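I opened the notebook to follow the aromatic rings through this chain.

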Amino acid sequence: MADKKKIDFDFAAHEAPLFKAWNEGGYFQRTPGFGKHQNDCYTVVIPPPNITGMLHMGHALDDTIQDACIRRARMQGYQTRWVLGTDHAGIATQTKVDKKLAEEGISRLEIGREKFIEACYDWRAHYGTTIVEQIKGMGCSCDYSDEHFTLDPDYIDAVRRLFVEWYHDDLIYRGKRIVNWCPHCTTAIADDEAEYVDEPGHLWHLRYPLVEPIDGLDYIIVATTRPETMLGDTGVAVSPKDPDKQKFVGAKVKLPIVDREIPIFSDYYVDADFGSGFVKVTPAHDPNDWAMGERHDLPKINIFDETAHVVEGYGEFSGMSRDEAREAVVAWFEEHGLLDHVEDHDHSVMTCYRCHTKLEPWLSEQWFVSVDRLKGPAAKAVESGEITFHPARWSQVYLDWLENLKDWCISRQLWWGHRIPMFYCDECGWEDASVEDIHTCPKCGAAVRQDEDVLDTWFSSQLWPFATMGWTREGTQAPELKKAYPTQVLATARDIMGLWVARMVMASEYCMGTIPFENVIIYPTVMGSDGKPMSKSRGNGVDPLKLMEDYGADGMRFGLLMQVTGAQDLKFNESKLENSRNFSNKIRNAARFVMMNLEGFEPGEPEVSTPADRWIFSRLARLVARVDESFDAYEFSDVTRELYAFFWNEFCDWYIEFSKSRLSGSDAADRLACQRNLVFVLDTALRLLHPIMPFITEEIFQDLPVEGEDPYLIACAWPEAESLAKYRDEQAERAMIMVCDVVSAVRATRSRYGISPKQALSVTVKVEAASDAALLSEQEQLICGMGNIESLQVGCDAEKPAESSVTLGTGLEVYTVLSGHVDFEAERARLEKQRASLQKDIEKFGRKLSNPGFLAKAAPEVIEKDRAKHADLSDQLKRVESQIAELN
């Protein structure tokens, strides 16, 4: 958790004015562009959040990634725009509004469709903007001047237009088919919207009497996980590969309870080794049984209504729920001596992705999209490399999903959503799809009615990339589409790769004749710190709004991206955000130091004169190239690591330290050169940090004495690796690495042995190469000044002086003379005592962590904490033993 004692900074008070200035300054709209990319567009469309939603960690990560990409592109000179909008979220919103009305004692069935839709729009007006306001709080540079909604009038027309085109192109058809039905939401659910849950169950072996005995057998035994559906059986199947069952093919059984005579037939779908080898076939309640029913011309009998209760006509079983019917059917079979035996059997069941109710395979008339003609171009777009996935492994997942895609059920039995634009005349039988409403039959003049169902939410959201850019009215010739389509990046979660990503590609290839985006970033799923999915019930969820309050938007953004690797899941680590907040403080303090030392400053070009200058500018040039490389590969954790290491370790810890003597010196020209260099490096670093940490970088930039291309950093030029390449200096980097290693070694030795910084020390450095010795000797004055060293000897053959410490560096060894500064006997005694104490604690934690009882009962976070403590103690022991060996 956040350390409340350290939170004394009102982040929002600093962030809000900057956001307002950017927004009102027009920086979030399509920017004009500049430089070599001034004629190129860079566009991102936001995955539209649901109007029922609040900002969660997935949104926070996704939006940070998108904003980092769009801000960098804006600074690179592209004409940028991040398209903003929200999704009407059919099932989710209808469920929320239904619940709200129920709390008021109202039912949607009472108020009717029109009033209910009005209530949904009222909900959207009240709650639909919440998440947009929260996105603003993150600093996201979306185009807020042109927000879209998937039930805006233009968008409704776009959806209707696609439906009509696909209908007339024979890509949309209506049919009576098995669908995944949610008895709670009372609507069909697409195959890829279903979630699978493993649960323990049973395999019931039921006796079905033969109409005529065969070889002395009066019955066969079928095995089923759903005995309640036997009421709708219309056949029994066996495998043609099972020779023992072939004598039954053509015979009939009398279905118990309902006394229906049904045939036994042979079908290759049947697994001869499953159960008894006899498979009951219920075509209206199982997709595989449906297929067998089609092949063998079996009747299809629906035994459930839309709420999964047994329909009329089944005597005592009518009106029972699925679970009640199961219990009653099994009891009937047992009572009549027809329950052979029961086995335990774990299996996977489908549940609704919204309400998590078990789905019912159910025969109903629905609308479908025939996907075979759409799949090919969508697959080719990825196979050819037109669309690239990051990480690359998701390409194959996408292609596998497409290959296995079946016709898509697009009708939903809801009121909130895009009503299917099909119109029917009950007088003469005329029917057609139309973008415009039709009230009178064009054939006979009678009144017509519109289809009652609405379209799947994913049907409308598949148009998102181009329907938000003018396609509805002007088609592919819309100015925005001609200028800025396809878009460059889509960042999204893996769980909607098929539901949304693939469908956007299919729709775009059909409507636009091209891909919708060039790159797809699949970000990792943010899990709780315990490695489990975040949820209220587990208590492991994290509120990004609270994180921004504790760490600032910048701290949350940087801390999240630090954790984004190529892994599938991200185990949230709040300490990364604490590091980010500390990093923000480091940036502020470094900027404050530079500002406080600018007396007499005059803007001008940097002057790289000293070895420290050559080193930091070389490191800066290398940093820009690496950040570009990581950004282009969408390796965001690499970007943060490079920026963090450079700013904290190299710029703050060393270059600023190197600069202090120059800033306080009497040489005015050298002081000015140092000031200009500090300002240049700070300015460049701020530009590199800005896409991820926009607020603090902009705030500092406003006070920085630089002649920017724009008053605001958001529109200033991104550092160019090519122009900085002239500063690359391998020799200077090697020299300063050794300087830092030597000074660090001496400082660490002082700290380890409690030697005062005021006490001058003698140091010997052994290097591996004569060239290193020469480079290091040239920096003798700098090293001695920073390390308070009275005597420095450097050489390839240098020997370790008596009573000296040893510290290893990069290709060198540093010997710091301790004699005269350390009481060796007292120090040995102290270290021996510390070693004994550490060994005792390590043994205690070791016993605890090897105790099965503790591991079984303790909370995971407690075990993890103890393991971390054990590792820390072990590390301390190694260091103490190293010091003891050194003293001996």
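I looked up Phe368 first. Phe368 is buried, at a relative accessible area of 2%. I am working on a predicted model.

Next I searched the whole structure for ring pairs. The search returned 40 aromatic pairs. I picked two of them to read in detail.

**Entry: Tyr155 and Trp464**

I took the ring centres of Tyr155 and Trp464 and found them 5.9 Å apart. Their planes meet at 45°, so I logged the pair as tilted. That angle falls between the 30 degrees below which a pair is stacked and the 60 above which it is edge-to-face.

Where do the two residues sit in the fold? Tyr155 is in helix α6 (residues 153–168), and Trp464 is in helix α12 (residues 464–467). The pair therefore ties together parts that are 309 residues apart in sequence.

I then checked burial. Tyr155 has a relative accessible area of 2% and is buried. Trp464 is buried too, with 0% relative accessibility.

**Entry: Tyr173 and Phe368**

Back to Phe368, now with its partner. The ring centres of Tyr173 and Phe368 lie 5.6 Å apart. The planes are at 20°, so this pair is stacked; the cut-off is under 30 degrees.

I traced both to strands. Tyr173 belongs to strand β5 (residues 172–182), and Phe368 to strand β16 (residues 360–369). Parts 195 residues apart in sequence are thus tied together by this pair.

Is Tyr173 buried or partly exposed? I read a relative accessible area of 26% for Tyr173, so it counts as partly exposed. Buried would need under 20%. Phe368, at 2%, is buried.

**Entry: cluster and charges over rings**

I also noted one aromatic cluster. Its members are Phe163, Trp166, Tyr167, Trp367, Trp408, Phe459 and Tyr510.

Then I looked for charged ends over rings. Arg161 places its charged end over the ring of Trp471, 4.0 Å from the ring centre. The charged end of Lys300 sits over the ring of Trp290, at 4.9 Å from its centre.

**Entry: the whole chain**

I counted 28 helices and 31 strands in the chain. The C-alpha trace spans about 110 × 70 × 55 Å along its principal axes. Of 888 residues, 53% count as buried.

Contacts came next. Among those with a separation of 6 or more, 76% join residues 24 or more positions apart.

The chain exposes about 39300 Å², with carbon and sulfur atoms supplying 48% of it.

How values were computed:
Residues are numbered from 1 along each chain as its sequence is written. This is a predicted model: local features need pLDDT of at least 70, side-chain atom pairs count only at pLDDT 80 or more; totals for chains, interfaces and linings use all residues. Side-chain values use heavy atoms; hydrogens and water are left out. Helices (H or I, at least four residues) and strands (E, at least two) are DSSP runs, numbered from the N terminus. Buried means under 20% relative accessible area, exposed over 50%, partly exposed in between (1.4 Å probe, protein chains only). Contact means heavy atoms within 4.5 Å. Accessible areas come from the Shrake-Rupley method with a 1.4 Å probe; for residues, only the protein chains shown count as cover. Rings of Phe, Tyr and Trp (its six-membered ring) pair if their centres lie within 6.5 Å; planes under 30 degrees apart count as stacked, over 60 as edge-to-face and the rest as tilted. A charge sits over a ring if NZ of Lys or CZ of Arg is within 6 Å of the ring centre and within 35 degrees of the ring normal.
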